[in-house]
Amino acid sequence: MSLAGQRPSVDRFAVIPRTLVFLRRPGHLLLQRTPEARGAWGGQWNGVGGHIEAGEDPLSGARREVREETGLEVEALYLCGVVLVDTGTGRGIGLYVFAAELDENQEPNCAAEGETRWVPLDELKNLPLVEDLPVLLPKVLDWYPGRQPFCAAYSYGRSEQLQIRFGV
């Protein structure tokens, strides 16, 4: 297959691929607090993740990000959702959302990207979460292996208000 068959064009919508991973254990979710100095999401809690490197597939990228940010080796990661983020710039974000079930013995052992801790599910509402998590987390927490991944499209309105639409 040639690149020409892919029909790349600067006029088309393009995405930057990223991963977002939610590690779960009974009654808890592993979240990471972004350092205060890290821009718009500084001080807020999110899943673990980051950019997918050139030549890397989403699953390998998710495993690498988990290893880099938590020190955990997680083999059984499952794709539970795909989110396309229209940033309004012609270049968006393609977000691959993964989930994994961990046991009680698995603890993060590094915090290069920020504080990482197991958060009880009933405390999530009390944390400053990244803006989409109150809507995204119920989808992630309801997902289980064998269930079809969810799909979503994010965009920003005139006042930069996040709008979230899930596919049906």
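**Entry 1: terms and ground rules**

I start with a working rule: a residue is buried under 20% relative accessible area, exposed over 50%, and partly exposed in between, using a 1.4 Å probe and protein chains only. With that in hand I looked up Glu 160, which is exposed, with a relative accessible area of 66%.

I note that this is a predicted model, in which local features need pLDDT of at least 70 and side-chain atom pairs count only at pLDDT 80 or more, while totals for chains, interfaces and linings use all residues. Residues are numbered from 1 along each chain as its sequence is written, and side-chain values use heavy atoms, with hydrogens and water left out.

**Entry 2: confidence**

I checked pLDDT, the predictor's confidence in each residue, from 0 to 100. The protein averages 90, and 92% of the residues score at least 70.

**Entry 3: overall build**

I read helices (H or I, at least four residues) and strands (E, at least two) as DSSP runs, numbered from the N terminus. The protein has two helices and nine strands. From the N terminus on, I wrote down the order β-β-β-β-α-β-β-β-α-β-β. The radius of gyration is 16 Å, close to the 15 Å that the globule rule gives for 168 residues, so the protein is as compact as a globular protein of that length. For my own reference, this radius is taken over C-alpha atoms, and the rule is 2.2 Å times the number of residues to the power 0.38.

Along the principal axes, the C-alpha atoms fill a box of roughly 50 × 40 × 35 Å. I also noted that 38% of the 168 residues count as buried. A contact means heavy atoms within 4.5 Å. Of the contacts with a separation of 6 or more, 66% are between residues 24 or more positions apart.

**Entry 4: a few residues**

I went back to Glu 160 and found it in the loop between E8 and E9. Glu 160 is not a glycine, yet it has a positive phi of about 60 degrees.

Is Glu 65 buried or exposed? Glu 65 counts as buried, at 7% relative accessibility. Glu 65 lies in helix H1 (residues 58–70). Leaving out residues up to four places away in sequence, Glu 65 touches Thr 19, Val 48, Gly 49, Gly 50 and His 51.

Arg 33 sits in strand E2 (residues 28–33) and is partly exposed, at 24% relative accessible area. I looked up Arg 33 and Gly 94 as a pair: they are 61 residues apart in sequence and 22 Å apart in space, C-alpha to C-alpha.

**Entry 5: the second largest pocket**

On a 1 Å grid over the protein atoms alone, a pocket is an open set of points where a 1.4 Å probe fits, with protein on both sides within 12 Å along at least five of seven lines, and lining residues have an atom within 4 Å of a point. The second largest pocket has a volume of about 250 Å³, a volume being the space filled by probe spheres set on the points, which are joined across faces, edges and corners.

Which elements give two or more residues to its lining? They are helix H2 (133–142) and strand E8 (150–156). H2 gives the most, with three residues. Among the lining residues I listed Trp 143, Arg 147, Phe 150 and Gly 167. Gly 167 is in the segment after strand E9 (162–166) and is exposed, with a relative accessible area of 53%.
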